[in-house]
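Me: I would like to learn how to read a few local features from a structure, and then a contact between chains. Could you take me through them one by one?

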Amino acid sequence: MAGISVKIDGDDYSVPAGSTILDACLEAGIDIPRLCHHEKLESAGNCRVCIVEVEGMNTLPPSCVTPVAENMVISTQSPAVSEARKVMVNLLLAAHNCDCLVCEAAGNCELQDLAYELGIDVRSRMFENSREDLEPVDRSSPVLQYDPSKCIMCTRCIRACRDIQGKGILAALHRGAEMTVGTGVSVWNNSACDGCGECIQVCPTGALSEKESPGVRSWEMEKVRTSCAYCGVGCQLDMWVHDNKLVKVEGADIEPNFGSTCVKGRFGHTFVNRDDRLETPLIRRNGRLEKATWSEAIALVAEKIGGIRDKYGADAIAGLCSAKVTNEENYLFQKMMRAAIGTNSVDHCARLCHASTVTGLAAAFGSGAMTNSIAELEHAKCILVTGSNTTETHPVIATVIRRAVRKHGAKLIVVDPRRIDLVKDAALWLRQKNGTDVAWLNGMMNVIISENLQDTAFIEGKTAGFEEMRSVVELFNPEMVEKITGIPGEKIVEAARIFAEAEVSSIVYSMGITQHITGTDNVLSVANLAMLTGNVGRASSGVNPLRGQNNVQGACDVGGLPDVYPGYQKVADPANRKKFEQAWGKQLSPDNGLTVMEIIDSLETGKVKGLIIMGENPMISDPNLNHAERALDSAEFLVVSDIFLTETAEKADVVLPAASFAEKNGTFTNTERRVILVRKALDAPGEARSDWQIICDLSTALGYPMSYGSSSEIMDEIAEVTPIYGGIHHDRIQEVGLQWPCADRGHPGTMYLHKGKFKRGMGQFHPVDFIPPAESPDSEYPFILSTGRILFHYHTGSMTRRVDALNEFVSGAYAEIHPEDVRRLGLVDGGPVRISTRRGQIETTVKSTEMVAEGSVFVPFHFAESAANVLTNDSLDPVAKIPELKVAACQVSRV
Amino acid sequence: MEKKVLLSEEQPGFGEGLLKALAMEPAEVVKTVKDSGIRGRGGAGFPAGLKWSLAADASSNVKYVVCNADEGEPGTFKDRVLIENYSRRLFEGMAVAGYAIGSTQGIVYLRAEYAYLVPVLEEAAGLSAGEGFLGENIQGTGFSFDIEIRVGAGAYVCGEETALLESLEGRAGLPRNKPPYPVSSGYLGKPTVINNVETFCAIPHIILNGAEWYFDLGVGECSGTKLFSISGDVERPGVYELPMGSPLEELLELAGADDVQAVQVGGASGRTIAAKDLGKPLSFKGLPPGGSVIVFDSSVEMTGVLENFMEFFVHESCGQCTPCREGTPQLLKAVEAVMSGAVSSIQELDDYFTLARVMKTTSKCGLGQTAANCFVDIITGFTEFHGDGHHHHGGDA
């Protein structure tokens, strides 16, 4: 862009056209005081603190909203500017409740800083206090509070809620000096505010703050940058700690979240402070778990596990590593299973969420991960979201999608049986019957091919198998698809056109696609659609499975799977085995290990006798829980390491107290393949230790010595044996994480995959026919049940249900049932209901809502007292061995 | 002396000016308006021809013509008289503007208190449409222009053109930052010409009689005639049309004002002048010619008048920007302190004069920029301070 010549405070500068005066001044290294301006928000020009003097203008324009013009002469410190700025701050102070002595924001308040900078003390105040009565503080929200007497009406919070989060819950209410920020519906908690706290993050004063006081002044807290322990977005957080307590969390303004968080990220980590954390090892004696020393516990585990190995062979032992712990720990865990014990039976809950992504995308593209990056989504022209209630499961990614639509005009297509929140932003919502995904995907492709909208050059140049795929897709005309899926044919046509005609289209999916007996088929179909339209290998395009857990991507990457070594190097390939035998100095088993569901089955049949679980809670997370419980009960020896005594730990023979994510160093890998640092902010309670230290001791006791000085050393070893992590070391990711593949120290990481050509060479189309779900509604079980997550709780609830604020948002289990069904069955909204399937039954509470279609029921699975997984079907996808958690036939009845 | 053009009893037929304009090139129409020297009759005085040419040059398929009929300045009622009697002239002027800038849609934004005039406007629009001066293909020329009537919700600030646009778009009437100006990004982000009722009503006369004729109606360098609503302590309150640039005393003479302590010219946001200044001209360079003239005789305590005006501004401030939101209540507090006798000398109010100066240069819109005018004029010109703690109104101080 052509430069514009300006003079600022006597010096000449050339600045880009379109700059504001503020941009120009900052570029020139001249800071201008300001309060309502925020770099992430559209400027409002409200506070008038950033005014400057411009030759020829008879007003003092606010620099944040005034564009530069050729030969503009700007003064940032003229007497008129100084006078005006002093008046402005005095006016704000006169209207401000200056109780800095006890204000949480003291030391962290932009108004306070400005008053200090301008030297405005109480004696030199120009104006008397203009606030006669202090309005009451709105403390109705479970997580935050609003004190109007400290609000300077900068409107940052309103703009952040609207423009960053895309929620638009806040507004300026009333006028003039009575203006205030509010939700417009009496008190805060009566609004749709979900407590993300973006407003607190941008508030320059103490007007908006955490409801729970840190109990300590800001300058006494220590700030530690780390990664969120909840979902796969991998938000970077600043944890404020004091006296070995976590007291406050803020979003860090870097990739991938750029300051944003969800309610769990900001307010949901206080579980680390709980006094029911496990603090000593426990050993079952006479049927009861009793406190023990570390040496007793480790010795007992080595004796029992070693004994089983010696008696029944290594494959009588299995291990579950964890999508919640670090890469370093998962790496060591699988290394222990493979090298110290001698079995490949190591798996984890990825089996239950994205196993079919790994199998499907590996077959189609050669790599089973999100092809593109989170930030790229904002610039897609069309986004197809299916089987992902993104707003609740990956809240910060949902904000990116909303910005793509609202700010950049992207077209959003939602395909989901539920009326999820994103439907509000969607150009098109297709409501398919549960478990009919292959049909509508084939239907869209049928339309694209029949209307000749496919990307022929891409298909011919970069893919194979198109003709075979076409021969199947040809059968799926919109009429036929309507019959299978219930989606009107014309909507299939419209969706196909929007998707194919957009300049760049991205597919976002999650467990609505993967958790089916046809999970792999579904993923292959999604891949087909992306390839058909040339939407792979370009920025803002791609196939983007959103990974559920904070480190489910990493746990898979570093070998927490029974058929691959770290970096998806197949166990079945002797060359790989040889490589790892050399690296680990031990002969390794040539046989693929067992998957989660196979381990559970084998426990019941007695094939597996010893089970080591690190930070997983299959007693809530596995399908068909009654079966899972019988299996765990029949284990000869069960070891669990965790931070709390979970439902699974209660069944263990030995429980090992683990350090939480806040108490150790290491890395997670988020859903966009970004390896991010986890930093120690607190000392672990009691004798709890990091899992990697526990594993080292355990492995050593099992006769395979392991010793590392730090998690960084472990990562160096991972880099050595894992080509996709080849260049990833802790020292390289101190600021911003690196995205794999990253071959060596010089490699900058990979923003999106398959650029130029597919990882596997040619992209492979697969002909995929429609197969109905394992269970369909019938006269005995007439409803369709699906399960999933909600915003305020996480997975098995072991963390979130120990956070009071989150319990205040949602305190217990419920079942979403359509109002018409509620009426017909004689149920009452908020009243009890019984839901039963062929596997079991639960009692829970009715939530009457049009979120679900008639004949459908949705139950969140976080709640042990009404565990949804008692009901779910453990029928498996034959390839990925993922159970069909998303479809079961059920009965709904009065209690 | 009065010079009746807009209020003339012998008016050209409605539509004649539009017909003549439609026979001209749009650029020629813009040039005529430019040459006439007419400046915005709402009070801000922006040259209408320049505004039109900027909107005409803006490239967009969709443009709007908006009539600001939010006549909210205290003491102003000239637009009401025009709407009551000459709505068809107003529409005609808007259609000419539409033709000149390339717009087919006009919107009249009527202040809430004038809602009773909606039937008047609608009847006039019906008549004009019936005669083919509004609607599709006006008089067979291929030019189409429609009018929509919209009613405000009672906020003074919506007379500010960008607040008006916000209100039209269905949001709270909060003034926008400028630039961009409405001529490039106005209603729904499209180029928009916003003019006052009186400005539009003058346009057909200008088209019919020529730029030079119109310019010459004014005194000296001033252009055209101007309507003034005069009220207060006068014998014949009402609306008078005078050549722009006429001295205030001529208007006072017409209305019959014998005992003059102070005159508020240009409304609450205008100036308050003393009897010695009555010879000054009503013009954009002289006394603000927005249209409101309120006369106060010697019996009136002006500080009380000031309190009334400050309460008005406190109530009407939209609250967006600091100087207006927080400054107006501070000025009101100062006035109250003066009235209670707590201020013994004008020097004690130094910080408030600084505030007044800063409000003028830093407020976001005209409301805040002018809200302190009456404070400065009345405190300096009509308030006496005594060390004994009692204040006296000073008449012709």
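**Reading exposure, pairing and contact**

Reply: This is a predicted model. A:Glu290 counts as exposed because 11 C-beta neighbours lie inside 10 Å, and a residue is exposed if that count is 12 or fewer.

Me: In which strand is A:Glu290 found, and which residues is A:Glu290 in contact with, leaving aside its neighbours within four places in sequence?

Reply: A:Glu290 belongs to strand E13 of chain A, residues 288-291. In a regular strand the side chains alternate between the two faces of the sheet. Leaving aside neighbours within four places in sequence, A:Glu290 is in contact with A:Leu282, A:Ile283 and A:Arg285, while A:Thr280, 10 residues apart from A:Glu290 in sequence, has its C-alpha 9.4 Å from that of A:Glu290.

Me: In what sense do strand E1 and strand E2 of chain A pair, parallel or antiparallel?

Reply: Strand E1 (residues 3-8) and strand E2 (residues 11-16) of chain A pair in the antiparallel sense, over 6 bridges, and one of the residues to look at is A:Val6, whose bridge partner in E2(A) is A:Tyr13. The two strands, E1(A) and E2(A), form a hairpin with 2 residues between them, and in the turn A:Asp9 has a positive phi of about 50°.

Me: How many residues does the contact take from chain A and from chain B?

Reply: The contact takes 28 residues from chain A and 24 residues from chain B. On the side of chain B that touches chain A, helices H10 (302-316), H11 (322-339) and H12 (350-362) of chain B each supply at least two residues, with the largest share, 8 residues, coming from H11(B). The residues of that side of chain B divide into 8 nonpolar, 11 polar and 5 charged.

Methods
Residues are numbered from 1 along each chain as its sequence is written. Chains are lettered from A and ligands numbered from 1 in the order in which they are written. This is a predicted model: local features need pLDDT of at least 70, side-chain atom pairs count only at pLDDT 80 or more; totals for chains, interfaces and linings use all residues. Helices (H or I, at least four residues) and strands (E, at least two) are DSSP runs, numbered from the N terminus. A residue is buried if 20 or more other C-beta atoms lie within 10 Å of its own, exposed if 12 or fewer, and partly exposed in between; C-beta atoms are placed from the backbone. Two residues are in contact if their C-beta atoms, placed from the backbone, lie within 7 Å. Two strands pair if DSSP finds at least two bridges between them. Ala, Val, Leu, Ile, Met, Phe, Trp, Tyr, Cys and Pro count as nonpolar, Asp, Glu, Lys and Arg as charged, and the others, Gly among them, as polar.
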